[in-house]
Amino acid sequence: MSKVLHCSHMTSTPQLTKSLSSIILSKPHLRHFHSSPLCIKSHFFCSSPIPITPLIPHSPDISTTFPRTFSARAFDDSSPPNETLQEGEKKDPNAEGKPGHAEEYPSGELEYKEFGALKKLGVKLRMLVALPWNRVRKGSVLTMKLRGQISDQLKSRFSSGLSLPQICDNFTKAAYDPRISGIYLHIESLSCGWGKVEEIRRHLLNFKKSGKFIVGYLPTCQEKEYYLACACQEIYAPPSAYFSLYGLTVQASFLGGVLENVGVEPQIQRIGKYKSAGDQLMRKTMSEENCEMLTAILDNIYGNWLDKVSSTLGKKREEVENFINEGVFQVDRLKEEGYITNICYDDEVMSMLKEKLGVQKDKKLPMVDYKKYSRVGKWTVGLSGGKDLVAVIRASGSISRVKGPLSTPSSGVIGEQIIEKIRSVRESGKYKAAIIRIDSPGGDALASDLMWREIRLLASSKPVVASMADVAASGGYYMAMAAGAIVAEDLTLTGSIGVVTGKFNLGNLYQRIGFNKEIISRGRYAELLAAEQRPFRPDEAELFAKSAQHAYRQFRDKAAFSRSMPVDKMEEVAQGRVWTGKDAASRGLVDAIGGFSHAIAIAKQKANIPQDRQVTLVELSRPSPTLPEILSGIGNSVVGVDRTLKELMQELTFSEGVQARMDGIMFQRLEGFSYGNPILTLIQDYLSSL
């Protein structure tokens, strides 16, 4: 039973929810797919370079040669902090450009630039010879339904759900496609983090620069949905729409009293005063440090929402905040106050669009949906990439070192597969730069460290930029800190440099239910993790504490080394604290604030590619699931009846070595509930120990 927390876990456990609705603010659906290079054309126009504020650390010169005499002493707990720093300063190939070194980054903002007459003619000719799946009726309206989970990975034609890269590509293609008249956007309850929402909103605003219309429709709406909708030119809602713009809450649950009543004693070692993962098991109330951290995150999200919404609507921030505090839910009040354009049913909006486009009432409005338009190639609309190739490696989901027996293509970040991709980019001379796109709360620390090493080796041969989506914390940040520059969204959740480790003492529970367990062992500490029927002996507790301290020092010192920061300064921003991207940038954990286009602009700069030159993005993550994988999965479900519940539970609780994970309450819906619900984890652990 001690397997539940038998490893050190670098975790953090805040949960952000809507008031009166129990909706988690940041619960991304993270997926990972096997490698199979897919060439995607990119057409980004970036504005000229602008200076970076001194508060934000700058990107290193990635072209500096990686030291051949790399030493692990910098991460040994026997090395004093000063010696660690000196060694890092001498040998870190990414030191130049980090805090204390001035550097300018291009803004990376999306810019719509209308094609010239010759280019427009070329686009028309391409459309005449376009393949069937690239053909769209002239005057069509692109319809998209944004709801549920949004993956940061590419999706194949056989998969359901939404893909952030494809959503953004559709907005970009539609802006330049002469066959598209505008966009009709249905926005419903979203199950993704604020990082992805900000990326979509950025592309919405860029699409508006094309002069085409974009209409939003809101049958249900809370803060996250309205944050997107207010970027549309017009917003409509049915009379019975569910609006609940009441504000945001943050909450955490505690099981200390529950476990005490059933006779379970968590024996936890928490390194880092903000590491709250152990709190949910040990405490009955929120700690001051956890409250401080969650309050800061909530203030960032709520303040950003008020600022962006008020600016978009042309209202004062105080006016919007007062409106929220009135608890308005009536749709007619929203219309009166100018928060929506009008109250209409979907068919009425369609009729208005027909009138706008001059379509007769008895004719059908020409439309193309998200899935079909995702198949339209960028080449067809004149957005073909350039000769310079930039590799994109996507890491989404919980981190594990190897593929498990029940792993699927969406099982998260498999370390050995990511390493294979990184090495292929490093060994190939065709790529000018690489972007590591991270959307992960972490996981296995060994896998994170091995990927960290490979990314640093890659950064020694070509520019590497880390781009963060919703979350890149603990093991996710471990990967990112190896890159030459780190780009995050304002509300990306990152950091979480800390350790929690422990086990359950189930002695009282066993006594109550009449269960007994006896162990015969050899070796002084052989029963350290095996004897869950008793508490730690004093010498075992001491060894356990030292192990946790060692794991924390390794993580912290490598972070300091990677960011060219003194260890004592890194200690101030570590301690398990989760930061938003904006706060992380002001503390040296992140180099720049922006989305994927910003990462591309920085990669161009590092690779000496002019900002106005197009590049071709080569996706090394295959869209998944493919048809063979679907058929294979069906076959496995039919013939795999011999896979027992015990095997399934073993897979869910499988882990080895130290964990660098940010999970728990905040991400209890991330990869199912196995990491977030301690009660379920207890059941899984019991079944796996049978």
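Me: Is Cys 230 buried or exposed?
Reply: This is a predicted model, and the relative accessibility of Cys 230 in it is 4%. Buried means under 20%. Cys 230 is therefore classed as buried.

Me: How many disulfides does the count come to?
Reply: A pair of cysteine sulfur atoms must lie within 2.5 Å to be counted. For Cys 230, the closest cysteine sulfur is that of Cys 232, and at 8.3 Å this is too far for a bond. By the distance rule, the count comes to 0 disulfides.

Me: Are α4 and α8 roughly parallel or antiparallel to each other?
Reply: Helix α4 covers residues 194-208 and helix α8 covers residues 288-313. They pack with axes 13 Å apart, at an angle of about 15 degrees. Angles under 35 degrees count as roughly parallel. The two helices, α4 and α8, are therefore roughly parallel.

Me: Which residues of α8 make the contact with α4, in a crossing of what hand?
Reply: The crossing of α4 and α8 is left-handed. From α4, the contact is made by Trp 194, Glu 198 and Arg 201. The residues of this contact divide into 3 nonpolar, 2 polar and 3 charged. From α8 come Ile 301, Asn 304, Trp 305, Lys 308 and Thr 312.

Me: What percentage of the chain's residues count as buried?
Reply: The chain has 23 helices and 30 strands. Of its 690 residues, the share that count as buried is 58%.

Definitions and conventions:
Residues are numbered from 1 along each chain as its sequence is written. This is a predicted model: local features need pLDDT of at least 70, side-chain atom pairs count only at pLDDT 80 or more; totals for chains, interfaces and linings use all residues. Side-chain values use heavy atoms; hydrogens and water are left out. Buried means under 20% relative accessible area, exposed over 50%, partly exposed in between (1.4 Å probe, protein chains only). Axes are lines fitted to C-alpha atoms, for helices over the stretch in contact, and angles run from 0 to 180 degrees between N-to-C directions. Helices (H or I, at least four residues) and strands (E, at least two) are DSSP runs, numbered from the N terminus. Angles under 35 degrees count as roughly parallel, over 145 as roughly antiparallel, 65 to 115 as roughly perpendicular and the rest as oblique. A crossing is left-handed if the near helix is turned anticlockwise from the far one by less than a right angle, and right-handed if clockwise. Contact means heavy atoms within 4.5 Å. Ala, Val, Leu, Ile, Met, Phe, Trp, Tyr, Cys and Pro count as nonpolar, Asp, Glu, Lys and Arg as charged, and the others, Gly among them, as polar.
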